[in-house]
Amino acid sequence: MGTWWGNLFGALLLLASLVTASATAAALRRARRAMTAGIRPPRPPEQRLDLYELAYLHGQGSRVVHVALLRMHRGRRLDVRRTAADRVELRPSGRGPRDDVEAMVLDLVAGDADGEGGLRWPPVVGDRHPRMRALRDRLVLDGLMTDDGFPLGVLRRSPATQHWLAARNRHATVVRWLPAAAAAGVVLAVAAHAPLPLSGYPLLLWWARAVRERAEGSFTPFFVTDTGRAAMRAAERPEWIRPGENARLRDLAVHGLAVLSARHPLHLPEPPRRADPPPRPEPPEEPVVIYEGPGLGGL
């Protein structure tokens with residue numbers, strides 16, 4: 001059975017590891033409950049999406065910018081001129097933006113434009129603007145999409161989510177150090193001839209790793225939920241377009257810039273064509289030599 005002090009110190013080391021891992025696992029469970037406590041029921045699929053929500057679900061922030069610019073251009077509130085295959089010049093005119101999203105888009109393109117008002121087209125837009133983040137947050141809280149793979153209805157940047165991330169990182173740190181504690185237990189067991197406490201480490205390591213893997217399994221890639229896909233399918237029906245609305249805006253939100261003709265100033269630029277390789281010169285023809293053999297006089 002080994003020395004009594006070896007068994008005692010081995011049991012104390014095992015107990016300290018168990019208490020530490022249990023404390024961080026309990027804190028992780030409490031943080032997850034707090035993170036998911038404010039989840040509200042998803043929005044009914046039959047509730048109509050607005051144009052910008054539909055655009056974000058199909059193409060995220062860049063698609064919202066495309067829809068807003070086309071809407072202003074069709075309303076004669078934005079002058080668009082194509083200056084190159086991949087550049088446009090945008091100049092607001094008329095009454096200006098009609099809503100907060102159009103005002104946000106004008107701010108975004110003005111920040112990316114050069115000194116002459118030229119803008120690379122199509123622009124790549126993220127969620128750096130507060131109005132764009134608010135649109136994304138509304139879709140997440142309504143259960144139409146997830147926020148970077150977090151549980152349904154949970155915002156990544158909420159305080160409760162940040163607290164859960166900190167708790168998950170603390171538990172992951174403890175799990176990384178548990179093998180070192182087990183190695184110290186092995187050294188103590190060999191030196192004191194007290195192997196009895198070692199029997200608890202395999203179960204402890206398995207349980208702590210299982211808790212960590214469940215926490216890391218909460219992350220999945222960005223996706224639109226079943227409720228969001230049902231709302232997107234409803235928007236493709238003819239009755240979704242209200243009287244006075246333009247179907248081209250809905251088509252742009254769903255299918256992107258490909259619906260615009262090549263004559264439209266906001267059309268998608270064609271990919272550069274690869275030049276044909278220069279023709280290879282034909283190899284010169286080798287002269288044909290006919291060998292008739294020696295004549296009769298040479299025999």
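## Layout of the chain

In sequence order, the elements run α-α-β-β-α-β-α-α-α-α-α, giving 8 helices and 3 strands. Helices (H or I, at least four residues) and strands (E, at least two) are DSSP runs, numbered from the N terminus.

The model is predicted, so local features need pLDDT of at least 70 and side-chain atom pairs pLDDT 80 or more, while totals for chains, interfaces and linings use all residues. Residues are numbered from 1 along each chain as its sequence is written, and side-chain values use heavy atoms, without hydrogens or water.

## Burial in the chain

Of the 299 residues, 39% are buried. Buried means under 20% relative accessible area, exposed over 50%, and partly exposed in between, with a 1.4 Å probe and protein chains only.

## The two sides of α7

In helix α7 (residues 226-235), the buried residues are T227, G228, A231, M232 and A235. They lie on the same side of α7 because they cover an arc of only 140 degrees around the axis; the arc is that of the directions from the helix axis to the C-beta atoms. D226 and R233, on the other side of α7, are exposed.

## Packing against α2

The cover over the buried residues of α7 includes α2 and α8 (247-255). In α2, L54, L57 and H58 meet G228, M232 and A235 of α7, where contact means heavy atoms within 4.5 Å. The axes of α2 and α7 are 11 Å apart, at an angle of about 115 degrees. Axes are lines fitted to C-alpha atoms, for helices over the stretch in contact, and angles run from 0 to 180 degrees between N-to-C directions.
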